[in-house]
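Welcome, and please open your viewer.

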Amino acid sequence: MNSNNLMLTIIGLLLNLIDVLAIILPVLLAVAFMTIIERKQLAAHQRRVGPNTVGYYGLLQPFADALKLILKETVIPSQSNKVLFYLAPISTLVFSLLGWGVIPFGQGLALSDFSLGVLYTFALSSLGVYGVLLAGWSANSKYAFLGSLRSTAAMISYELILSSAILIIILLTGSLNFTTIIESQESVYFIFPLLPVFIFYFISILAETSRTPFDLQEAESELVAGFFTEHSSVPFVFFFLGEYSSIVLFSCLSAIFFLGGYNFPEVFLNESFINLQAIVLGLKTCIFCFFFVWFRATLPRLRYDQLISLCWLNLLPVAVAFIILVPSILVAFDISPY
Amino acid sequence: MASFAGPFRQTYRYLQRQAHENTVIFYSCVIGAIGPVMVVTIPPIRERFFGYRPAEPVPTSYPLPQRPRRPVQGYDDE
């Protein structure tokens with residue numbers, strides 16, 4: 001009897017592991033392809049060809065890059081704090097991957113359909129700051145330290161705007177659960193009634209993921225490569241994966257919050273083996289990934305004071321105004337979800 | 001017209017200046033102020049001109065019967 005229980009526990013754990021791998025592996029693959037998509041798209045914006053040698057159409061370029069980085073020697077500064085130096089990239093990658101645990105890829109298709117999913121995701125994105133801070137501090141380098149300080153200030157400032165935008169969506173749907181948020185967009189995607197909110201939401205996720213025009217911690221002319229200046233080889237790969245994973249994650253979250261997630265008109269009856277809802281979510285995610293790269297190709301980098309004043313003096317008042325306006329509309333027209 | 005606008009001229013000029021100098025703050029205040037104004041004005045307008053009646057509140061418990069409680073008998077332990 002005891003051995004049976006043990007067997008059942010082991011099988012349960014293995015099934016959980018398979019569930020996690022079924023999410024993590026496609027995500028890591030998507031992250032790898034996000035890098036090649038970015039390079040190809042940037043090339044198209046600049047009328048170049050882009051990487052086209054490794055594999056068909058350059059599709060194997062990310063794997064060649066990864067192999068090169070893994071085979072390189074890991075150089076650690078002699079005066080650095082070794083434990084934190086390794087902990088920083090690991091925590092960045094782990095925190096950005098943990099966010100995928102509550103994303104629904106279809107009806108009931110989530111690792112955990114957690115009732116406080118939105119809160120969990122934003123707690124994790126806040127924890128991502130620690131990786132940046134630890135990396136800058138532990139490397140014992142001026143450039144890395146300055147880069148991490150800049151990044152931390154920007155990420156903490158823009159988190160406020162991001163949570164304000166999400167708060168408006170929570171007020172509209174009356175739930176912190178991703179599936180409920182998706183299901184409430186059956187009649188209309190939130191991007192249409194909440195277009196101004198979407199605009200400042202997207203600006204804040206650009207800053208949150210430290211992308212152009214807010215990539216001040218990586219201002220090459222001032223800071224070499226920012227907070228991961230001293231990280232090479234595998235630790236660098238971890239930072240790279242963490243950064244691109246959070247780009248894909250935030251694109252996916254944008255699709256869920258503003259484009260109805262896996263919902264699509266007429267794609268509700270599916271008798272085939274193909275999960276059309278996950279494909280719909282993937283396509284919507286691709287739209288936002290495209291936006292990320294498009295902004296990188298278009299906009300110049302802001303100055304640091306411009307970055308901070310844009311957040312505190314421009315976006316925050318607008319966010320607060322909408323936090324008052326949206327619930328007022330719900331109460332005035334008696335359409336509050338509570 | 002000038003006499004009517006007279007007392008508010010300075011206020012109007014101040015607001016005009018703020019809209020020009022601190023555009024974001026000014027229009028944020030405007031957008032934010034629209035909300036409470038809507039809460040106060042829209043429900044009476046809907047009721048008076050559009051015949052809107054608020055829906056009955058959803059019951060959250062069973063209603064109590066409109067009669068005195070009947071004593072329960074026949075279930076006592078012997």
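Begin by selecting Thr92(A), Met155(A), Glu208(A), Gly242(A) and Ser246(A): of the 22 residues that line the largest cavity, these lie nearest its centre. (On a 1 Å grid over the protein atoms alone, a cavity is a set of points where a 1.4 Å probe fits but cannot get out; a pocket is an open set with protein on both sides within 12 Å along at least five of seven lines; lining residues have an atom within 4 Å of a point.) This is a predicted model, in which local features need pLDDT of at least 70 and side-chain atom pairs count only at pLDDT 80 or more, while totals for chains, interfaces and linings use all residues. Residues are numbered from 1 along each chain as its sequence is written, chains are lettered from A and ligands numbered from 1 in the order in which they are written, and side-chain values use heavy atoms, with hydrogens and water left out.

Stay with the cavity for a moment. A search of the whole structure finds 1 cavity of 30 Å³ or more, and the space in the largest cavity is about 330 Å³ (a volume is the space filled by probe spheres set on the grid points, which are joined across faces, edges and corners). Now colour helix 3 (82–98), helix 4 (117–138), helix 5 (142–173) and helix 9 of chain A, each of which supplies at least two lining residues. (Helices are DSSP runs of H or I with at least four residues, strands are runs of E with at least two, and both are numbered from the N terminus.) Helix 9 gives the largest share, 6 residues. Colour by class and the cavity lining divides into 8 nonpolar, 11 polar and 3 charged residues. (Ala, Val, Leu, Ile, Met, Phe, Trp, Tyr, Cys and Pro count as nonpolar, Asp, Glu, Lys and Arg as charged, and the others, Gly among them, as polar.)

Next comes the largest pocket, with about 830 Å³ of space. Select Thr35(A), Glu38(A), Phe236(A), Phe240(A) and Tyr244(A), the closest to its centre among 33 lining residues. Helix 1 (2–45), helix 2 (61–71) and helix 9 (233–258) of chain A are the elements that give two or more residues to this lining. The largest share, 9 residues, is from helix 1.

Glu38(A) is in helix 1 and Arg211(A) in the loop between helix 7 (195–208) and helix 8 (220–223) of chain A, so the pair ties together parts 173 residues apart in sequence.

Move on to the second largest pocket, whose volume is about 470 Å³. Pick Pro26(A), Ala30(A), Val248(A), Gly282(A) and Thr285(A), the closest to its centre of 21 lining residues. Which classes make up this lining? It has 18 nonpolar, 3 polar and no charged residues.

Finally, show both chains. Their contact (heavy atoms within 4.5 Å) takes 14 residues from chain A and 16 from chain B. The area buried between them is about 1,100 Å², 75% of it from carbon and sulfur atoms (the accessible area, with a 1.4 Å probe, that two parts lose on being put together, summed over both). Select Leu325(A), Ala332(A) and Phe333(A), which supply 37% of the area that chain A buries against chain B, more than any other three residues.
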